[in-house]
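Visitor: Please walk me through this model. I would like to learn how to read its features one by one.

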Amino acid sequence: MRLWHETLIPYLPRQQLLGQHRECCALRGKGWGKEHSTVNYVFKYSPYYLYLYHMKIMEEMSHRGYNCDPLWHDKFYRGKQCNPYRHDQLGDFNSSASASELTIYPEHDQTYLDECLSNLEDKGIQLNLNKTKTKHP
């Protein structure tokens, strides 16, 4: 379990991007509040933060031509096995910027970016963040 650093999303290989979508779906559903060392920080914030992060993932998926269930675009949706959030449960995010323009989790700092890059390198994946992002097939 891991939420990749937000700046890596446009560069993630297909497997990691689609895996991230599944991870977000799980966390938004029955996984909310279930401890795991690499995602515990997520539970310090409103579930709305996770929704915004998930929107970044789904925007990148759409950009690459991948589809996901449009129900996930509803901030209250928690999957087929969970009741939707009530308005008072979801909380808020203190920004007027769109999801793609902001860093959602303060934990996604340079140290976390380096950790994520190292984790990807351990999997044999090297990302070139200096090159211009290209459209994926």
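Guide: Start with burial. Buried means under 20% relative accessible area, exposed over 50%, and partly exposed in between, with a 1.4 Å probe and protein chains only. Here, buried residues make up 45% of the 137 residues in the protein.

Visitor: What should I know about the model and its numbering?

Guide: This is a predicted model, so local features need pLDDT of at least 70 and side-chain atom pairs count only at pLDDT 80 or more, while totals for chains, interfaces and linings use all residues. Residues are numbered from 1 along each chain as its sequence is written, and side-chain values use heavy atoms, leaving out hydrogens and water.

Visitor: How many helices and strands does the protein have?

Guide: Both are DSSP runs, numbered from the N terminus: helices are H or I with at least four residues, strands are E with at least two. This protein has 4 helices and 0 strands. Along the sequence the pattern reads α-α-α-α.

Visitor: What share of the contacts joins residues at least 24 apart?

Guide: Contact means heavy atoms within 4.5 Å. Take the contacts between residues at least 6 apart in sequence: 73% of them join residues at least 24 apart.

Visitor: Which residues have the most contacts inside the largest nonpolar core?

Guide: A nonpolar core is a set of buried Ala, Val, Leu, Ile, Met, Phe, Trp, Tyr and Cys residues joined through side-chain atoms within 4.5 Å. The largest one has 38 residues, and Leu3, Tyr53 and Tyr105 have the most contacts inside it. Helix H1 (14-28), helix H2 (47-63) and helix H4 (110-122) each supply at least two of its residues. H2 gives the most, with 10 residues.

Visitor: What does tyrosine 53 touch?

Guide: Leave out residues up to four places away in sequence. Tyrosine 53 then touches Leu3, Trp4, Glu6, Ile9, Gln20, Cys24, Ile104, Tyr105 and His108. Tyrosine 53 and tyrosine 105 are both buried.

Visitor: How do I read an aromatic pair?

Guide: A pair of aromatic rings is described by the distance of the centres and the angle of the planes. Rings of Phe, Tyr and Trp (its six-membered ring) pair if their centres lie within 6.5 Å; planes under 30 degrees apart count as stacked, over 60 as edge-to-face and the rest as tilted. The structure holds 9 aromatic pairs. Tyrosine 45 and tyrosine 49 are stacked, at 4.9 Å centre to centre and 20° between the planes. Tyrosine 53 and tyrosine 105 are tilted, at 6.3 Å and 50°. Tyrosine 53 lies in helix H2 and tyrosine 105 in the loop between helix H3 (87-90) and H4, so their pair ties together parts 52 residues apart in sequence. Ring pairs also link Tyr41, Tyr45, Tyr49, Tyr53, Tyr105 and Tyr112 into a cluster.

Visitor: Over which ring does the charged end of arginine 78 sit?

Guide: The test asks for NZ of Lys or CZ of Arg within 6 Å of the ring centre and within 35 degrees of the ring normal. The charged end of arginine 78 sits over the ring of tyrosine 85, 4.4 Å from its centre.

Visitor: How many disulfides are found?

Guide: A disulfide is a pair of cysteine sulfur atoms within 2.5 Å. The search finds 0 in the whole structure. For cysteine 25, the nearest cysteine sulfur belongs to cysteine 24, 7.1 Å away. Cysteine 25 has 14% relative accessibility, so it counts as buried.

Visitor: Is histidine 21 buried or exposed?

Guide: Histidine 21 is buried, with a relative accessible area of 11%. Its place is in helix H1. Beyond four places in sequence, histidine 21 touches His54, Ile57, Met58, Met61, Cys68 and Trp72.
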